[in-house]
Structure formats: structure tokens, C-alpha cells
Amino acid sequence: MTTNTATGAVPAADQASGGASVSLQNLSRFFGTIRALDGLSLEIAPGEFVALLGPSGCGKTTVLRILAGFETADSGSVTVNGRDVSHVPPARRDMGMVFQSYSLFPNMSALDNVAFGLRMRKKAGPQRRSQAAELLGLVGLADQARQYPHQLSGGQQQRERHRRHGHLPRLTDQDQRPAVG
Amino acid sequence: MAAVAGAGSQLGDGQVAGGQPRGGLPRGRAGTRDGFTPWRWLILIVAGVYFLIPLYAAVRFAGWGSFGSVVHQSGFTSSLGLSVRLAAITTVITLVLMVPTAVYVHLRLPRLRRLMEGITILPIVIPPVVLIVGLLQVAPGFLKGTPYLLALIYVVLAMPFAYRSLDAGLRAFDLKTLVEASNSLGGGWGSTLWRIVLPNLRTAMLSATVLTVALVLGEYTMASLDLYQTFPVWIVVFDQTSGPISVAASLLALFVTWLFLLVITVLGTRQARRTGGGEVNLFAVARRNSGRTS
């Protein structure tokens, strides 16, 4: 990871409710002899919108995967809201990871996909469904609630993947993909 | 990306793939495939003749009357019952052991996939007689004389088929990403396995079940050496008293197995069509046609 990190202000109210302060200290990660990250430090204030830019293979995805908990750094630490989460499993980090590839659950309808995260966070059924419907409505997919992912267009799938995370801080891994929603 | 329902089927090695090429993911010579239609018909006819002539001969030999009297023969119900029970036990043990193993290997030990393929193929390479004689030597006492020993042997025999169909099923969707997506949404291991992995592995589990059941219902060597009168063993024993009726029994077993396979395939395909999943084929599950990248 080199220094081409762009930091900008929050563009919309979209991020406002999911604010969390994130601090990466001196992260290093090696894959064999390949140096993916070498002493990366980054401070992100609550509500801040940060984009990591760089050529393929420079470690952008690795940063996100370490932040979401799918990889562990060889050294350094990850702090969210003042708490060291370096060894917290992904399921308990409350970090929404929007994947580069299509990652909607093919066995669930659009509504159930969005409701899955709420279900995992022990929201009650009726509340869960109304909240999921509301989130789908925000991206104009209210009419597609009963459709399965394969019946949605690429852009619709992408918007839905964003909505799955509700108001959690979102990590979006996008590779040459037009931003939608 | 491709939103066409009903993915093209992706069959195992050496089989002629049917259906249309997958949407979105261009396949090698997909465009020229239609040109081979006459050849496909020829192969189908040759294969059909090869399989149907012996069946026809068997039906002729047995005579229609034998089919009616089969069910009244002594030992028919008990041996068929034993075979069905063994099939059920074997399938349950196989799925309980193989599904988590295959999922774990795919997620955590992808480099062992080749090795697993090699290991799981061993029961086909080792002659059944060697397996059963060896197993009877080392089998623990409490299992001897129970059908569970035979079921455990069948689990080993079914392993190549069960593992291969599960493996194919796991390759048919992006397991790693879906599991990570579930984790990132707060799903622990239990709920990820139950709500994400198993539903997407449904068709593959059905294929594994089909193959396991078919194997158990037709297995002779192990059962006879372990002194159990399963349905195939009964047929062979019965053959010594009445040829036509035992042939009728074999045909009956064949048709019952086919019927069973048909029901499972139809059920599996219907479910898959609803959610855009793959079709059930014996060794492979067609890839879901949700495009992956760009």
C-alpha cells in the first residue's frame, strides 16, 4: 500500500448514522514474499468518507479484509471506537463489508437478503421485515422484494448488497465497477 | 448480467452436456455445439440400445405373471425392508460426515482438495472383497451382528460418489464470499452453515443421496460376505429356486430405484428453478448463473 490514499468529507446523510471512528496502526501483511501492506497507519473520524485508490494488487482489498476481520495482520492493530478489535471475529465486528463480487445469498429473496443481517442481530420478525422493506425502498427496490437475486439486474444487485448492511459503517470493495446507489 | 432462468447444465467428465450454454460466462465451443446434434442422437440411440436390449430380454424371460407373484415370496418384504433401512442409515451418516468435511476443505484447506479427491476415490480402486475381509477383522465387537456395521461399510463405498457431488456443488457457487458475507452480517458458524451453505448445497446433497441410495440398494458383495440378506442377496439366493421370479424381482428393484431417482431429480430441479440454482445431475450441479465478475 503506498500513499495514494484520498480522504474526503462525507457527501451525504447516508453515512451519518453509521459513524464509527477507525484507527489502523502500523499494519503489515505479507503473503509469502509479497508485501501487501507495510506499516499502514490511518485515522478515520466518525462519519468520514474515505476512498482507497491505487493500482491492482497494491493492498486495498487487504486493508478492507483486515478491517472486516477476514484476514489478520502480521503486525499492527485495528481499533474501532477506541476498542482494539484485532482479534474479534468478523461476525462480531459490526462492520458491513460489501464485496467486489456478487455476494447476495442466491437462496433468499431480496427482502430476506436484506433482513438476514437484522435476523443475525436478533431483531424480531415483524420489525425485521418492515425495516428491511424500508431499506429496500430507499434504493427503489420495493417492488422487487420477493424476487431472487438472479432475477435482479447487476445494478439492482449492487444496490441491494449495500442495503444489506443497514446503517453499519460500510466497507465497499469496488474494482472498476460503476458506482450505483 | 445474465438473468436467464435455467442454467445450462455442466456435467461430469466425459458426459455430453445438455441444455444451453450458461448465460454471461462464455464457454469454449458453446456456439458450435448445436452442430453436433446428429452425433448426439446417434450416441443416445447406441447407448439406449445397449441398455434396453438386456432389459427387454429380462422382461421377456421373467414374463408378466412373475411380477405379480414376486411380492408374495417369502423374504421379499424383509430383505427389501432391510435394504431400504440400510439406505436410509447410510445416507444420514454419509451426509453428516461428508458435508461438513467438504465445506471445511473448501473454505480452510483448499490446497488439500486434490488430496481429498485422491483419498475419496480409494474405495473404487480397492476391491470390495479386500475391504470387507479387512473390515471384519478390525470391526469393534459391539457393531458386529448389527446392520450398522454394514451401513458403515456402505458409507465408505459411497464416499467417492458423495464427495464428488458435494465437491461439484461447492464449486458451483462462491462459497467463500457467501460465508464471509454472512459473517460480516453477524452470522456465526451455525447459522451460516444452516441458512447459507446448506440451502445452496441442496441440489448437491440430493445428488449425493441419489447416488448413495442407488449404491446401497444394489450392493451384493459386502452384504453377502457379512451374511446379511439384503434385497440383492435375496434375489441371488432366490434365483436358485425360481429363475423368472428372481429376474422379475431384479427388474422391480431397478424400476423402484429409477422411480426414486426421478422423484428426487424432479424435486431438486423444481426447487433450483425457483431460486435460479443449478439442475441436479448425478456428478455435477450446474453453476448458478449469477455472473461473478465484470
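**Figure 1. The crossing of helices α2(A) and α3(A) in the predicted model.** In this predicted model, helices α2(A) and α3(A) pass each other in a right-handed crossing. The contact draws on A:Ala110, A:Leu111, A:Val114, A:Ala115, A:Leu118 and A:Arg119 from α2(A), and these meet A:Arg128, A:Arg129, A:Gln131, A:Ala132, A:Ala133, A:Leu135 and A:Leu136 from α3(A). Sorted by class, the residues of this contact comprise nine nonpolar, one polar and three charged. Helix α2 of chain A covers residues 110-120 and helix α3 of chain A covers residues 125-138, and their axes come within 9 Å while crossing at roughly 120°. The two helices are therefore described as oblique to each other, because angles from 65 to 115 degrees count as roughly perpendicular and only those over 145 count as roughly antiparallel.

**Figure 2. The open sheet of chain A.** Four strands of chain A make up an open sheet in the order β3-β2-β5-β6, and their pairing is antiparallel. Strands β3 (34-44) and β6 of chain A stand at the edges with a single partner strand each, so one side of each has no neighbour in the sheet. As a general point for reading such a view, side chains in a regular strand alternate between the two faces of the sheet.

**Figure 3. The pairing of strands β2(A) and β5(A).** Strand β2 of chain A, residues 22-31, and strand β5 of chain A, residues 75-80, run antiparallel and are joined by five bridges. Two of the residue pairs can be followed in this view: A:Val22 has A:Val80 of β5(A) as its bridge partner, and A:Gln25 has A:Ser77 of β5(A) as its bridge partner.

Figure 4. Together β5(A) and β6(A) form a hairpin that has two residues between its strands, and in the turn A:Asn81 has a positive phi of about 50°.

**Figure 5. The packing of helices α7(B) and α8(B).** In chain B, helix α7 (residues 175-184) packs with helix α8 (residues 189-200) at an angle of about 135°, and their axes lie 10 Å apart. This angle makes α7(B) oblique to α8(B), and the crossing of α7(B) with α8(B) is right-handed. On the side of α7(B), the residues that meet the partner helix are B:Leu178, B:Val179, B:Ser182 and B:Asn183, whereas α8(B) contributes B:Thr192, B:Ile196 and B:Val197. By class, this contact has four nonpolar residues, three polar residues and no charged residues.

**Figure 6. The two chains from which the close-up views are taken.** Chain A contains four helices and eight strands, which follow one another from the N terminus as β-β-β-β-α-β-β-β-α-α-α-β. Chain B contains 12 helices and zero strands. Of the 181 residues of chain A, 36% count as buried, and of the 294 residues of chain B, 34% count as buried. Among the contacts in chain A between residues at least 6 apart in sequence, 64% join residues at least 24 apart, while in chain B residues 24 or more positions apart account for 76% of the contacts with a separation of 6 or more.

Note on methods:
Residues are numbered from 1 along each chain as its sequence is written. Chains are lettered from A and ligands numbered from 1 in the order in which they are written. This is a predicted model: local features need pLDDT of at least 70, side-chain atom pairs count only at pLDDT 80 or more; totals for chains, interfaces and linings use all residues. Two strands pair if DSSP finds at least two bridges between them. Axes are lines fitted to C-alpha atoms, for helices over the stretch in contact, and angles run from 0 to 180 degrees between N-to-C directions. Angles under 35 degrees count as roughly parallel, over 145 as roughly antiparallel, 65 to 115 as roughly perpendicular and the rest as oblique. A crossing is left-handed if the near helix is turned anticlockwise from the far one by less than a right angle, and right-handed if clockwise. Two residues are in contact if their C-beta atoms, placed from the backbone, lie within 7 Å. Ala, Val, Leu, Ile, Met, Phe, Trp, Tyr, Cys and Pro count as nonpolar, Asp, Glu, Lys and Arg as charged, and the others, Gly among them, as polar. A residue is buried if 20 or more other C-beta atoms lie within 10 Å of its own, exposed if 12 or fewer, and partly exposed in between; C-beta atoms are placed from the backbone.
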